[in-house]
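Me: Could you walk me through how to read the features of a model like this one, beginning with the ligand site and going on to single residues?

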Amino acid sequence: MNDQAQGLRNIIKMQSNTNDSKTRVITITSGKGGVGKSNLTLNLALALQLKGYKVLIFDADVGMANIDVLMGVTPKYNLFHLLKREKNIQEIITKGVHNLQIIAGGSGIQELLNLSQADLEFFAYEASKLLGSVDYIIFDTGAGLTQQSLNLMMSSHETILVTTPEPTSITDAYAIIKMVHSMNQQIEFKMIINRVTTQKEGRLTSEKIRLVAKQFLDLELSTLGYIGEDINISKAVKRQIPFLSAYPNTKASRDIQQICSTYLSEETSNSNTNVKGFFYKMIRLLK
Ligand SMILES: Nc1ncnc2c1ncn2[C@@H]1O[C@H](COP(=O)(O)OP(=O)(O)OP(=O)(O)O)[C@@H](O)[C@H]1O
Ligand SMILES: [Mg+2]
């Protein structure tokens with residue numbers, strides 16, 4: 001037992017000494033399902049990649065992982081193979097459009113919560129190799145609050161919350177904010193309002209959520225931007241090509257590029273934030 005504890009401490013020490021400040025970790029989440037998380041994850045990742053950053057998407061949706069389907073690739077291996085020690089971290093990465101990297105969580109996401117100490121150390125060690133080798137790791141989660149998504153939010157530098165202007169989506173978004181806030185006050189949400197018909201509708205939706213969060217939770221929320229309702233998203237999904245690639249000049253593509261620029265400008269202004277290594281936090285949370 002002592003040996004194991006020492007092993008874990010060594011890994012934590014090693015990771016906190018690693019120069020991983022280059023890699024930022026983002027978690028994308030939502031209250032209600034089907035609001036556009038996976039499409040936004042993929043296309044925001046692509047927008048960053050097209051600006052010259054190296055991006056890795058980690059598909060952490062336990063039940064219905066589908067980043068691979070949206071990108072038209074079939075990963076040979078996933079997190080499960082890593083946890084079973086059949087493959088190393090590089091071997092479970094699949095390359096997609098514009099060299100975007102993805103790791104499919106598969107059934108490995110569920111396994112993460114039940115790992116033995118030794119497996120956890122192995123995972124943390126392998127995963128820490130990603131830090132520094134990519135600029136961004138973006139986690140696409142399933143809808144609603146699960147232990148896994150909460151751990152990811154608590155370990156990430158940023159949590160992006162996606163909602164649409166529909167009242168059901170707004171109330172579910174607020175419910176997530178409230179639950180997460182009651183458990184951890186450090187998590188900062190940045191909102192994206194998807195499927196807006198006008199900019200005004202986007203503004204009103206985000207104002208609504210911001211006001212309630214301020215009034216009842218004394219919490220400041222920021223908004224990254226709005227994505228218009230766009231038929232070309234559905235067309236791109238059917239073609240299994242990210243909409244930014246398939247229709248670079250369509251409304252949604254212009255909107256995601258705008259969001260990418262806003263994200264990068266805000267991130268620069270926060271660049272002094274002292275952030276600890278992602279996997280360092282992650283393994284502490286799992287224990
Ligand atoms: N801005 C938009 N305009 C039009 N249709 C959209 C838009 N955003 C998303 N959609 C539609 O919604 C569908 C669901 O999107 P997506 O799979 O990205 O949602 P999700 O939040 O990841 O869902 P889940 O909660 O099941 O993981 C897309 O296939 C597309 O048809
Ligand atoms: Mg999804």
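Reply: Let us begin with a polar contact, which is a pair of N or O atoms within 3.5 Å; within protein, one must be able to donate a hydrogen and the other to accept it, and residues adjacent in sequence count only if both atoms are side-chain atoms. Here a polar backbone atom of Ser 38 is 2.9 Å from an oxygen atom of ligand 1. A backbone N or O atom of Val 35 lies 3.1 Å from an oxygen atom of ligand 1, while an N or O atom in the side chain of Asn 194 is 2.9 Å from a nitrogen atom of ligand 1.

Me: What conventions lie behind these values?

Reply: This is a predicted model, in which local features need pLDDT of at least 70 and side-chain atom pairs count only at pLDDT 80 or more, whereas totals for chains, interfaces and linings use all residues. Residues are numbered from 1 along each chain as its sequence is written, chains are lettered from A and ligands numbered from 1 in the order in which they are written, and side-chain values use heavy atoms, with hydrogens and water left out.

Me: Where does ligand 1 sit, and how much of ligand 1 does the protein bury?

Reply: Accessible areas come from the Shrake-Rupley method with a 1.4 Å probe, and for residues only the protein chains shown count as cover. Ligand 1, taken alone, exposes 640 Å², of which the protein buries 83%. A pocket is found on a 1 Å grid over the protein atoms alone, as an open set of points where a 1.4 Å probe fits, with protein on both sides within 12 Å along at least five of seven lines; a molecule sits in a pocket if more than half of its atoms lie within 2 Å of its grid points. Ligand 1 sits in the largest pocket. Helix H2 (37-50), strand S7 (189-196), strand S8 (222-228) and helix H10 (231-239) are the elements that give two or more residues to the shell around ligand 1, where helices (H or I, at least four residues) and strands (E, at least two) are DSSP runs, numbered from the N terminus.

Me: Which residues come nearest to ligand 1, and how is the shell divided by class?

Reply: A residue is near a molecule if one of its heavy atoms lies within 4 Å of it. Of the 18 residues around ligand 1, those that come nearest are Gly 34, Lys 37, Ser 38, Asn 39 and Asn 194. Ala, Val, Leu, Ile, Met, Phe, Trp, Tyr, Cys and Pro count as nonpolar, Asp, Glu, Lys and Arg as charged, and the others, Gly among them, as polar; on that scheme the shell has 5 nonpolar, 8 polar and 5 charged residues.

Me: Which residues other than glycine have a positive phi?

Reply: Among them is Arg 195, in strand S7, with phi near 65°. Gln 240, which is not a glycine either, has a positive phi of about 55° and is placed in the loop between H10 and helix H11 (243-246).

Me: Is Arg 195 buried, exposed or partly exposed, and what of Ile 137?

Reply: Buried means under 20% relative accessible area, exposed over 50%, and partly exposed in between (1.4 Å probe, protein chains only). Arg 195 counts as partly exposed because its relative accessible area is 43%, and Gln 240 is likewise partly exposed, at 36%. Ile 137, in strand S5 (residues 136-140), counts as buried because its relative accessibility is 0%.

How values were computed:
1 Å grid on protein atoms, 1.4 Å probe; cavity = no way out; pocket = protein on both sides within 12 Å on 5 of 7 lines; lining within 4 Å.
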